[in-house]
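Please keep the sequence and the structure in view while reading.

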Amino acid sequence: MRGVILRMLALMKRASFPATEFNTQMIWLLSAVTPAMLPSAWGGRIPPVTSSCRHRKLDAYVTRQTWSANDGQPVFIDIGCGFPPLTSADTAKHLPDWSVYGVDRSFARYVLYDSEGHYACFDRQGAFIYFQPSGKPLHDSPQAASDRFKSLFSDIAPRMPISEDDAGTIVEKDGYRLVCNPIRDFEALNLKFVESDIDGIRLPPARVIRCMNVLLYYGKDARQGMRSSMGALLDEGGILVSGFNHPFGTYARYAVHKKDAAGIKPCEFAFSPDNLRPLGIGPWLTIEGEDEQADLLADLTGAIRADRNFWAEFDRYVDELQAKQGICRRGSDGYNHFTEEAQSTPPQFVKEKSAAVWKQLEAAGYTDGAVEALGRAGYKAWKNPVGDIAVLPPEGSLTMI
C-alpha cells in the first residue's frame with residue numbers, strides 16, 4: 001500500500017491536483033477499499049470480480065466504429081473476464097451478431113453460495129481459492145466466513161457427482177448451494193469461455209480484443225509483452241482496447257491499438273471527463289510502477305488545468321453542480337466537504353448524483369472545452385464516439401514493444 005500511495009501523490013503533483021481537492025472519501029478508499037483489490041488480499045491472484053455494465057461504454061465504442069466488410073462472424077475476445085463474467089455477458093447481448101469469447105487464466109471448478117449471496121470458490125482439487133462477500137453485511141469476519149465456507153465445502157462436496165459434463169450441477173444443504181462449473185451457466189449461443197493465459201490463447205483472429213483492469217497488475221515489461229501477445233491475435237483492421245476503470249465504468253482510461261499491414265500501433269488514448277475533478281482516487285490508482293497510461297492521464301490533466309481559458313470556469317461550475325446535487329460543498333477553508341446526506345446514504349447516492357453532474361457538464365459543452373484546451377497545449381485531441389476525451393498518443397508512448 002505504501003507504493004500505491006506514493007505513486008498516487010506523485011501523479012497528483014504531476015497533474016497539478018491541489019491539496020484542497022483531497023477529501024474524506026479518498027482516505028476511506030485508500031484505507032478500506034484499495035487494500036482489498038491488491039493481489040496480496042487474494043492469495044497473489046488478480047481480483048477476479050467485476051460488475052454488470054462496467055464496460056457498457058466500451059461496448060458502444062465498438063458498435064460505433066466503421067468496420068470494413070469481412071466474411072464470417074466477427075470475433076470479440078474479452079481477456080481477464082473474471083467471475084462472475086458479467087462484462088462478457090453484457091458484451092454478448094450488446095453484440096448479438098458477434099462471436100464473443102471470455103478468457104481468464106483460471107475459472108473456479110466449484111462455487112459455494114450462502115443464503116445471503118456471499119460465496120467462496122474452490123479449484124478442481126477442492127482447494128479454497130477465494131471468498132467474496134455480497135453487498136449484504138457479513139455476520140462474521142471475512143476470515144471466519146472463509147473458514148466457515150471451507151468447512152461446509154468439505155461436508156457438501158462429496159455429494160457432488162464427479163464428471164467433466166456436470167456443468168451447472170447443484171447440490172443444496174441447509175441454505176447453502178454448491179454449483180459445479182458455474183462459468184458454463186453464463187454461456188450463450190454467441191458467448192463461450194476459455195481458460196488460458198494470454199500467450200496460450202488459441203482462437204480465431206479477433207476484430208476486437210478488450211483487456212481492462214488486468215495489465216495494471218503487471219510491471220512495464222510484462223505489460224508490453226502481454227500487449228504484443230494480444231496484438232498477434234488481431235485480424236487486420238482489428239483493435240485492442242486496454243486500460244482501467246472503476247466498477248461502475250467511472251474514471252476510465254484506455255488505449256486503443258490498431259492492426260494494419262504495417263503492424264500494430266497506438267491510435268488513441270482516451271479518458272472519461274470525470275477524471276478531471278474526481279471525488280475518488282481512480283485517476284491516480286496504480287498497482288505497479290511506470291504505468292504509462294496513468295502517467296499520460298496525469299500529463300493531460302495537468303495541461304487542461306493549466307489552461308486559464310477553460311479551467312477556472314469549469315472548476316467553479318463543478319463546485320456549483322456538486323452543491324446543487326447535495327454531494328459536497330466548498331468550505332471557507334477551501335476544501336470540498338461531503339454533505340451529511342452524502343455521508344449517511346449508500347455509495348449509490350454519490351454515484352448517481354455524480355453521474356448527473358457530469359451529464360450536465362457534457363450538455364453544457366465542457367467536454368468540448370477540455371478537448372480545445374488540449375489542442376491549445378499542442379495535442380491532437382478530439383471527443384471520441386462515446387463522449388470521452390481522446391488524443392493521439394505522443395510519439396514513443398503506449399508502444400507495443
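Among contacts in the chain between residues at least 6 apart in sequence, 66% join residues at least 24 apart. The model shown here is predicted. The chain contains 11 helices and 16 strands. Its radius of gyration is 22 Å, close to the 21 Å that the globule rule gives for 401 residues, so the chain is as compact as a globular protein of that length. Along the principal axes, the C-alpha atoms fill a box of roughly 70 × 55 × 35 Å. Of the 401 residues, 49% count as buried. The chain exposes about 18,500 Å², and carbon and sulfur atoms supply 52% of that area.

The interior may be considered next. In soluble globular proteins, nonpolar side chains tend to be buried together. In this chain the largest nonpolar core has 35 residues, of which Phe 83, Cys 121 and Tyr 254 touch the most other members. Helix H3, residues 56–63, contributes the largest share of this core, namely 4 residues. A second, separate core has 34 residues, among them Phe 271, Leu 276, Leu 361 and Leu 398. To see the surroundings of one core member, the reader may select Phe 83. Leaving aside residues up to four places away in sequence, Phe 83 touches Pro 48, Val 49, Val 111, Tyr 113, Tyr 119, Cys 121, Tyr 130, Pro 182, Ile 183 and Phe 186.

Strands E11 and E12 run antiparallel and are joined by 8 bridges. A hairpin through 2 residues connects E11 to E12, and Lys 258 stands opposite Lys 265 in E12. Strand E12 also pairs with E16, again in the antiparallel sense, over 3 bridges.

Strand E16 leads on to helix H11. The buried residues of H11, which spans residues 366–376, are Tyr 366, Thr 367, Gly 369, Ala 370, Val 371, Ala 373 and Leu 374. An α-helix has 3.6 residues a turn, so residues three or four places apart point the same way. The cover over the buried residues of H11 includes helix H7 (292–305), helix H8 (311–324), helix H10 (347–363), strand E15 (381–383) and strand E16 (389–391). Just after H11, Gly 378 takes a positive phi of about 100°.

Charged side chains provide a further set of links. Side chains of opposite charge can pair when their charged atoms come close. The structure holds 23 salt bridges. Lys 383 is partly exposed, with a relative accessible area of 32%, and Asp 368 counts as partly exposed at 31%.

Another salt bridge joins Asp 291 and Arg 253, whose closest N and O atoms are 3.9 Å apart. Because Asp 291 lies in the loop between strand E12 (263–271) and H7, while Arg 253 lies in strand E11 (residues 253–260), the pair ties together parts 38 residues apart in sequence. Are these two partners buried or exposed? Asp 291 is buried, with a relative accessible area of 7%, and Arg 253 counts as buried at 1%.

The side chains of Asp 114 and Arg 148 meet at 3.8 Å, N to O. This pair links distant parts of the chain, 34 residues apart: Asp 114 is in the loop between strand E3 (110–113) and strand E4 (119–122), and Arg 148 is in helix H5. Asp 114 is buried, with a relative accessible area of 9%, whereas Arg 148 counts as partly exposed at 25%. Ser 146 also has its place in helix H5, residues 142–156. At 9% relative accessibility, Ser 146 counts as buried. Ser 146 touches Phe 128 and Phe 131, not counting residues up to four places away in sequence.

Salt bridges also form a network in this chain, linking Glu 21, Arg 277, Asp 315, Asp 319 and Arg 330.

Technical notes:
Residues are numbered from 1 along each chain as its sequence is written. This is a predicted model: local features need pLDDT of at least 70, side-chain atom pairs count only at pLDDT 80 or more; totals for chains, interfaces and linings use all residues. Side-chain values use heavy atoms; hydrogens and water are left out. A nonpolar core is a set of buried Ala, Val, Leu, Ile, Met, Phe, Trp, Tyr and Cys residues joined through side-chain atoms within 4.5 Å. Buried means under 20% relative accessible area, exposed over 50%, partly exposed in between (1.4 Å probe, protein chains only). Contact means heavy atoms within 4.5 Å. A salt bridge is a side-chain nitrogen of Lys or Arg within 4 Å of a carboxyl oxygen of Asp or Glu. Two strands pair if DSSP finds at least two bridges between them. The radius of gyration is taken over C-alpha atoms; the globule rule is 2.2 Å times the number of residues to the power 0.38. Accessible areas come from the Shrake-Rupley method with a 1.4 Å probe; for residues, only the protein chains shown count as cover.
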